[in-house]
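Thanks for making the time this morning.

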Amino acid sequence: MDDTESSADYKNNALDEFRVNWQRELQVQNESVQQDDDVEQTPGLHDIEAQAKAESFYRTAVDLEQRGKVYDALAFYRKATQIVPDIEFKFYEQQKLNYDANKKYHNLPNDFSKQLDLSTSDAKEDIQLIDGLYEKFQRDLCCEEVYAGKMLINSRDNSVIATGHNMHISELPPEIMMNILRWVVSSQLDMVSLEQFSAVCKGCYIYGRDEELWRLACVKVWGHNLGALDGMEEGLSYSSWRDMFIRRERVLFSGCYISKTTYLRMGENSFQDQFYRPLQLVEYYRYIRFLPDGKVLMMTSADEPAQGVNRLKQLYASRPDVLRGRYRLFGNIVTLILQKSQSQRPTLQRQRRGSLMPGDEEANNSQYVIELRIMNTPKRQFAQLAWTKYTLVQRRNKIETSSEFDLTVAKYPPLWFSPVKSYHLDADAPLT
């Protein structure tokens, strides 16, 4: 009986000891799992080093791929993905964050201007053009301490040793600078380049506002009809020759005027189907280019403007489809007198005893007299030409006949100016 009770107590004690040990093991496992979760939530030093190493491999692979070494890049891509499988997405997100940060940094001046509220109406009223900028720059250039009697300042560091006998532009006398500017403007009146030169500094501004340059440009445009600054027939007065060149009506030389004409034409019946009559859409362009020396070129062609403007680039080449002539400005009206380019040999007349005498070429010819009105557009001055008169004058056997064309908007639409950069690439002669 005692043996039975002792064995039962032993079993109960062993069961209680097993329960205590089991609960202790469960508690230890729960604590380890919680520690693992904390480690996963906050990456340790090992994970940061692994990610940095994977990113280094990935950058090396990208650089090799950009240089064309694809097979070498694959090995580094494989190493990077073995360390961090989603390294591509993490690298992309990091690059995106860096781009957004740089963009925000570069936009700081714009944000600062918005904070100043410069776009309000009150701020716009405070912004005014500086009157007498020419006189202000002249007073600044008179400062001997800064400019030492020169129009331009040499910004080159004197401590830097220069090889050769190079001379800075500030060492040139004013006469040489004006001669250079005459070549900049050239006989083609490239006043845009002169304005760009004037925007460099104060000295260049003074050079670019020289009255003699602008007077020569005005003489080139209007010739004998130039007039005076304060004695215009229209009652207009100008403060300077530059003001006249900007405000007075003229034609533009840095491109050509283009118009597009479109109309429908009935075609011929088909021999297979007499009831079918095609309808054809006809499109062609008219090009007019003015030159500063009073010459003008006109061409009618089906070519697009991208190809048509190149045909008027050759000024001295004789083309049968190009009309050549001269023009004259009268207020806001420009008058053109054009003739076809004649490349054939002069006609010969046979006299007595077999002698040959040159014939009268001017006895039989045709002239096109055109009058266009100069108009402004919302974006550019003098950029539109409207037809006012178109006359064909024919001379046959010393008898002259003229016929006027019916100027409708459909047949003769206005011509719009289109700039062509290749027209002013070369300077053949200075402005005189």
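Helix 10 (191-198) gives the most to the lining of the largest pocket, namely five residues, where helices (H or I, at least four residues) and strands (E, at least two) are DSSP runs numbered from the N terminus. Please keep in mind that this is a predicted model, in which local features need pLDDT of at least 70 and side-chain atom pairs count only at pLDDT 80 or more, while totals for chains, interfaces and linings use all residues. Residues are numbered from 1 along each chain as its sequence is written, and side-chain values use heavy atoms, with hydrogens and water left out.

The largest pocket has a volume of about 600 Å³, and of its 24 lining residues the closest to the centre are Asp-190, Met-191, Val-192, Ser-254 and Arg-380. Besides helix 10, the elements that give two or more residues to this lining are helix 13 (241-247) and strand 11.

Turning to that strand, strand 11 (residues 415-419) runs antiparallel to strand 1 (residues 255-266) and is joined to it by four bridges, with Gly-255 opposite Pro-419. Strand 1 also pairs with strand 2 (residues 279-290), again antiparallel, over ten bridges, pairing here requiring at least two bridges found by DSSP; Met-266 has Leu-279 as its partner in strand 2.

Finally, the cysteines: Cys-218 counts as buried because its relative accessibility is 0%, and Cys-256 is buried too, at 0%, where buried means under 20% relative accessible area, exposed over 50% and partly exposed in between (1.4 Å probe, protein chains only). The whole structure has zero disulfides, a disulfide being a pair of cysteine sulfur atoms within 2.5 Å.

How values were computed. 1 Å grid on protein atoms, 1.4 Å probe; cavity = no way out; pocket = protein on both sides within 12 Å on 5 of 7 lines; lining within 4 Å. Points joined across faces, edges and corners; volume = space filled by probe spheres on them.
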